[in-house]
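This note was prepared for a colleague who asked for a reading of the structure. Please consult it alongside the sequence and the coordinates.

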Amino acid sequence: LLWQTITMASNLRIRINMRCIIPITCLLCLLISYVNTFTVTNNVCHHRHSKNHKHGIPSFFALHSSTSGISNSSTNSSLTDGFTKKKKAMKAFQKLLYCNKFNEAEEFLIQNDLTSSCSVMEYTILMNGFVKEGNLLKAYDNFARIAEPDLTAFNSIIFGLASHGEPEKAEILLRRFEETSSKERPNEYSYKPVLFAHLNTNTTAGIKRGLSLLYRMEDLHARLGHDIKPKLD
């Protein structure tokens, strides 16, 4: 490179100062060295990328991206599968329920951990089924599983207990219903079964309890405006 520079300068008849040629020559050498290094590095990287691509090996960022996609995909898939499985289980439970297979429906409900997914209406149907069979224990167990019983649920269990000779237990639930903080309040159909159950005992204690309940109905109607005013029937 130095010789070419001197020859070019002599051909052009330019006086060359050696103190200027040496620094320029060094600078040109460094520049050429840098260009050669960059070219070699680039070729090596390109060769590795081509080799990885040929053998199906993704780069780090591609691998990270694909791993994240697989993780998210598997999570979403497991959630979807769980929801679908639970939905199918609920349909199977409802089929047993509406076929009046109450014992099988309750066992299926517990085994498949569906107690929190069951609606108040479904629990009420289950309770009424056990009440008709005379199984008050299972009827009350299903009532106890309801987080927030409504008017129909309370009336069903109260009627079940009262109509099967348990007026005292029915009245306990009735008082609980009176004290509940929900928007719904007992109606006349909440009190009638308990009142008649007390009177049908044909005992002095039963008649006194019936009269006490009748007076309480009048008091609640007068004070709180509940629609439970005693009637002739």
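The points below move from the overall fold to aromatic pairs, a surface patch and individual residues.

1. Overall fold. The model is predicted. The protein contains ten helices and zero strands, and its pattern along the sequence reads α-α-α-α-α-α-α-α-α-α. Of its 233 residues, 27% count as buried. Among contacts with a separation of 6 or more, 53% are made by residues 24 or more positions apart.

2. Accessible surface. The protein exposes about 16600 Å². Carbon and sulfur atoms supply 60% of that area.

3. Aromatic pairs: helices 4 and 5. The structure holds four aromatic pairs. One of them joins F102 and F130 in a tilted arrangement, with 6.3 Å centre to centre and 55 degrees between the planes. This pair links distant parts of the chain, since F102 belongs to helix 4 (residues 102–111) and F130 to helix 5 (residues 120–133), 28 residues apart. Both F102 and F130 are buried.

4. Aromatic pairs: helices 6 and 7. F143 and F154 form an edge-to-face pair, at 5.2 Å centre to centre and with 70 degrees between the planes. Because F143 lies in helix 6 (residues 136–144) and F154 in helix 7, the pair ties together parts that are eleven residues apart in sequence. Are the two partners buried or exposed? F143 counts as buried because its relative accessibility is 1%, under the 20% limit for that class. F154 is likewise buried, with a relative accessible area of 3%.

5. Aromatic cluster. F143 and F154 also belong to a cluster in which ring pairs link them with Y140 and F177.

6. With a relative accessible area of 11%, S156 is buried, because buried means under 20%. When neighbours within four places in sequence are left aside, the residues in contact with S156 are T124, M127 and N128.

7. Nonpolar surface patch. Which residues form the nonpolar patch on the surface? They are F196, L199, I207, L211 and Y215, and together they have about 450 Å² of accessible area. Helix 9 (188–199) and helix 10 (204–224) each supply at least two residues of this patch. The largest share, three residues, comes from helix 10.

8. I207 within the patch. I207, one of the patch residues, has its place in helix 10. Its relative accessible area is 39%, so I207 is partly exposed. That value also lies over the 30% required for membership of a patch.

9. Cysteines. How many disulfides does the structure hold? The number is zero.

10. Summary. The protein is built of ten helices and zero strands. Within it, the F102 and F130 pair links helix 4 with helix 5, and the F143 and F154 pair ties helix 6 to helix 7.

Technical notes: Residues numbered from 1 in each chain as written. Predicted model: local features only at pLDDT ≥ 70, side-chain atom pairs only at ≥ 80, totals over all residues. Heavy atoms only, no water. Buried < 20%, exposed > 50% of the residue type's maximum accessible area, 1.4 Å probe, protein only. Contact = heavy atoms within 4.5 Å. Disulfide = S-S within 2.5 Å. Patch = residues over 30% accessible without salt bridge, like charges linked within 9 Å, V, L, I, M, F, W, Y side chains within 5 Å. Areas by Shrake-Rupley, 256 points an atom, 1.4 Å probe, with all protein chains shown as cover. Salt bridge = Lys/Arg side-chain N within 4 Å of Asp/Glu carboxyl O. Helix = DSSP H or I, 4+ residues; strand = E, 2+ residues; numbered from the N terminus. Phe/Tyr/Trp six-rings, centres within 6.5 Å; stacked < 30°, edge-to-face > 60°.
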